[in-house]
Amino acid sequence: MKKLLTILGLAAFSLGYSQGGTLILNNYSQYDFYGFIIANNLAGGCYPYITSANPDMVRVPADSHMGNGNELRYDNYRDQFGSSLYPMAQWHVSTSSALGVVRTWNHGSLMPGGVLSNNTRWATTKFVMYYPGTTNLAPDDFNGAITIAANSCYSASDNLISTTGNNSAEIFTITSGTSNITYIQLY
């Protein structure tokens, strides 16, 4: 009986913790976003750890947000490839502090309900902002890392303000029932 209850408890925990949450990045700023999107285990320890792994960072142009339909939106690791304006062909996966491996968007472990998907949440971005269409850095040190408040794997804050206060970034998660939406907002 104890084994059955333990198995049921773990199954319920896994379903409640599944990565099925959505990530939405709204870039309201006048600069292009270049960054890594990171998901990791928030329930204890930092692994598994999954980060965007196209040859380069994710790029979201200036003024790309839900208001004009140009936001970055990832519903999960797999389906984003066919539905996002900014698809991620590969994900870098680490299950420990050892070097990780690169997995394609359709790898079985990244599928909704897969082992890695069930044990990670969208949590962090490390980014740099550039003038649109260039590699010229945005002014005022508008770059860095932000992570959701519940993430003990990073020492970054859940918000960032540029040195002049003209630009800012924030990350937060809204939970409704069993669904989670994590927002990254750049202003």
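**A. Tyr-28 is partly exposed, at 37% relative accessibility.** Here buried means under 20% relative accessible area, exposed means over 50%, and partly exposed lies in between (1.4 Å probe, protein chains only). The model is predicted: local features need pLDDT of at least 70, side-chain atom pairs count only at pLDDT 80 or more, and totals for chains, interfaces and linings use all residues. Residues are numbered from 1 along each chain as its sequence is written, and side-chain values use heavy atoms, leaving out hydrogens and water. Rings of Phe, Tyr and Trp (its six-membered ring) pair if their centres lie within 6.5 Å; planes under 30 degrees apart are stacked, over 60 edge-to-face, and the rest tilted. This rule gives 13 aromatic pairs. In one of them, Tyr-28 meets Tyr-187: the ring centres are 5.6 Å apart and the planes lie at 5°, so the pair is stacked. Tyr-28 sits in the loop between E1 and E2, and Tyr-187 in the segment after E12, so the pair ties together parts 159 residues apart in sequence. Helices (H or I, at least four residues) and strands (E, at least two) are DSSP runs, numbered from the N terminus. Tyr-187 is also partly exposed, at 34% relative accessibility.

Tyr-77 and Trp-91 form an edge-to-face aromatic pair. Their rings are 5.1 Å apart centre to centre, with 70° between the planes. Tyr-77 lies in the loop between E5 and helix H2 (80-83), and Trp-91 in strand E6 (residues 90-94), so the pair ties together parts 14 residues apart in sequence. Are these two residues buried or exposed? Tyr-77 is buried, with a relative accessible area of 0%. Trp-91 is buried too, at 0%.

**C. Five aromatic residues form one cluster.** The members are Tyr-31, Phe-33, Phe-127, Tyr-131 and Phe-142. Phe-33 also stands opposite Val-60 in E4.

**D. Strand E2 is largely enclosed by the rest of the structure.** The reason is burial: 7 of its 9 residues are buried. Strands of a sheet pair through backbone hydrogen bonds, either parallel or antiparallel. Two strands are taken as paired if DSSP finds at least two bridges between them. Which strands pair with E2? Strand E8 (residues 121-130) runs antiparallel to E2, over 9 bridges. Within that pairing, Tyr-34 has Val-128 as its bridge partner. Strand E4 (residues 58-60) is antiparallel to E2 and joined by 3 bridges. E3 is likewise antiparallel to E2, with 3 bridges. There, Ile-38 is partnered by Thr-51.

**E. Asp-32, in strand E2, is buried, with a relative accessible area of 1%.** A polar contact is a pair of N or O atoms within 3.5 Å; within protein, one must be able to donate a hydrogen and the other to accept it, and residues adjacent in sequence count only if both atoms are side-chain atoms. The Asp-32 side chain reaches the backbone nitrogen of Ala-62 at 2.9 Å. A polar atom of the Asp-32 side chain also lies 2.8 Å from the backbone nitrogen of Gly-133. Contact in general means heavy atoms within 4.5 Å. Leaving aside residues up to four places away in sequence, Asp-32 touches a set that includes Asn-27, Arg-59, Pro-61, Met-129 and Pro-132.

An open sheet of 5 strands shows mixed pairing. The strand order is E5-E1-E12-E11-E10. Strand E5 (72-74) and E10 are the edges, each pairing on one side only. From one strand to the next, the twist averages 15°; axes are lines fitted to C-alpha atoms, for helices over the stretch in contact, and angles run from 0 to 180 degrees between N-to-C directions. Strand E1 (residues 22-27) pairs with strand E12 (residues 179-186) in the parallel sense, over 6 bridges. Leu-23 faces Thr-182 of E12 across this pairing.

**G. Cys-46 and Cys-153 form a disulfide.** A disulfide is a covalent bond between the sulfur atoms of two cysteines. The cut-off is a pair of cysteine sulfur atoms within 2.5 Å, and the count by this rule is 1 disulfide. The two sulfur atoms are 2.0 Å apart. The link of Cys-46 and Cys-153 is left-handed, with -110° about the S-S bond. It joins distant parts of the chain, 107 residues apart. Cys-46 is in the loop between strand E2 (32-40) and strand E3 (49-52). Cys-153 is in the loop between strand E9 (143-147) and strand E10 (159-161). Cys-46 is partly exposed, with a relative accessible area of 25%. Cys-153 is partly exposed as well, at 22%.
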